[in-house]
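These are my notebook entries on one protein model.

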Amino acid sequence: QVESVDSLLKSTGREGSETRIQGWIRTRRDSKAGLSFLAVHDGSCFDPIQVVVEANISNYETEVLRLTTGCAVDIVGTIKPSEGKGQSIELLASEVHVVGWVEDPDTYPMSPKRHTMEHLREHAHLRPRTNVSGAVARVRNCIAQAIHRFFHENGFLYVHTPIITASDCEGAGEMFRVSTLDLENLPRTDKGEIDYKRDFFGEETFLTVSGQLNVESYCLALSKVYTFGPTFRAENSNTTRHLAEFWMVEPEIAFADLADVADLSEKMLKYVFKAVLEERPDDMAFFAQRIDKEAISRLENIIDNDFARINYSDAIEILENCKEKFEFPVSWGIDLASEHERYLAEKHFKKPVIVMNYPKDIKAFYMRMNDDGKTVAAMDVLAPGIGEIIGGSQREERLDKLDQRMDEMDIPKEHLDWYRDLRRYGTVPHAGFGLGFDRIVSYVTGMGNIRDVIPFPRTPKNVTF
Ligand code: 4AD
Ligand code: MG
């Protein structure tokens, strides 16, 4: 019976009994007294288990003394109280079976020393073995599970929306092309036939930038829904918060307005942060110690306090009247730059702030027009240290107003007739938002670069793995 390191370390009162573990060597230390200490991890928790191996084991000289970082092992041993600091128990090995050796330990890229993030990115396939990437993977999983649980507990239905689509939800022209409509230059096979493998059945298609339009259709039948999937943006931005492929969580509620989704966003974030603190104290302690000393206190503060809420126009006033020197000038009508967002959250409010009612000209066609005719019912949740983590809005449920916006913005109606149908047949006020999943992982862990919180980052010129 194989046991995880996590369950072994959490168990109590089992000293003297036997167990078996499987995992990888993090370090080996040999003492002069003729015994070795192995730190073995299996990814189930932050800490490795210490395994003591005495020289009387049959393969001690031939194998145990040759173990290096990364070797895979299967160990049977007796649980003992630990004399070392930090852990209460250790294993005294009776059998050490080597499952996989590390060929050429001298050049193994994940040697136990501390590596730069750049080095880890270059070895994205090996980095989950490190402390830091392992902790990120566990916290990322915890957040994903908490999000599903939150929506499930609140009566939301999980809907799968398509990845390949013809519609540009955000209208920002940031779609990666899957297939072309260029009839003269259609990709052809050697035999001269149209190569549908490269052309998606002769339709012009792209990778989705958001599942929102599709999820709206399910919202207007099932009331409370969300989608959670990969989304793509063909923006050539080399920043610490942009990916070309990222994951987005998009809830949508019927019979709801902007204030309702602002409330939902705050409730969801608090729920998720609480879950992380409760379920991953080991990994969060590591982030607080090694990556960002406020990693834990920041989440605790958020859970205990209300988010700030402010209108865009008032946010502009704050920015215009503050002493901060910005690279991009501030005036009513601008899209907030990252430096503005961060000023508001970090320096002015010192907590997350929900900015609402943005100028219509900087927002997408589907957002509901406010009575002032100048602003739309949009909201962004800005967090200290990272800026925008959520973007959402109340949707334009009135067909005439929606059509007017589409005309003004030159959005071809023929592709979105199905979306317009939703306003023709039993339309209701509805609203939703999109949470950048990778941004929230970055925020929670304090990892400064979004490339270090997604397993295989897709950024300009980075598709090897
Ligand atoms: O603000 P965005 O573009 O909103 C939408 O796509 C809406 N359709 C969502 C909705 O209302 N259902 O994106 C939502 C969030 C942003 O707040 C940000 O956190 C994240 O997605 N995001 C990115 N994350 C990583 N890399 C990128 N290139 C991102 N672009 C947006
Ligand atoms: Mg946005």
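I counted twelve helices and 16 strands in the protein, which is a predicted model. Its C-alpha trace spans about 85 × 65 × 45 Å along the principal axes. Of the 465 residues, 51% are buried. I then looked up contacts between residues at least 6 apart in sequence, and 67% of these join residues at least 24 apart.

Next I turned to charge. I noted 56 positive and 75 negative charges, with mean positions 3 Å apart.

Lys10 and Asp6 form a salt bridge at 3.0 Å, N to O. Both lie in helix 1 (residues 5-10), four residues apart, and therefore about one helical turn separates them. Lys10 is exposed at 62% relative accessibility, whereas Asp6 is buried at 19%.

Arg423 and Glu216 meet at 2.8 Å, N to O, in a salt bridge. Arg423 belongs to helix 11 (residues 417-424) and Glu216 to helix 4 (residues 212-222), so the pair ties together parts 207 residues apart in sequence. I found Arg423 buried at 5% relative accessible area and Glu216 buried at 0%.

Arg309 forms a salt bridge with Asp263, with the closest N and O atoms 2.8 Å apart. Arg309 is in strand 12 (residues 308-311) and Asp263 in helix 5 (residues 258-279). Shared partners join Asp263, Glu266, Lys270, Asp306 and Arg309 into one salt-bridge network.

Lastly, I recorded a nonpolar surface patch of Ile163, Ile164, Phe200 and Phe201, together about 350 Å² of accessible area. Ile163 is in the loop between strand 6 and strand 7 and is partly exposed at 31%.

Note on methods. Residues are numbered from 1 along each chain as its sequence is written. Chains are lettered from A and ligands numbered from 1 in the order in which they are written. This is a predicted model: local features need pLDDT of at least 70, side-chain atom pairs count only at pLDDT 80 or more; totals for chains, interfaces and linings use all residues. Side-chain values use heavy atoms; hydrogens and water are left out. Patches are made of residues with over 30% relative accessible area and no salt bridge: like charges are joined within 9 Å, nonpolar side chains (Val, Leu, Ile, Met, Phe, Trp, Tyr) within 5 Å. Accessible areas come from the Shrake-Rupley method with a 1.4 Å probe; for residues, only the protein chains shown count as cover. A salt bridge is a side-chain nitrogen of Lys or Arg within 4 Å of a carboxyl oxygen of Asp or Glu. Helices (H or I, at least four residues) and strands (E, at least two) are DSSP runs, numbered from the N terminus. Buried means under 20% relative accessible area, exposed over 50%, partly exposed in between (1.4 Å probe, protein chains only). Contact means heavy atoms within 4.5 Å. Lys and Arg count as positive and Asp and Glu as negative; His and the chain ends are not counted. The place of a charge is taken as NZ of Lys, CZ of Arg, CG of Asp or CD of Glu.
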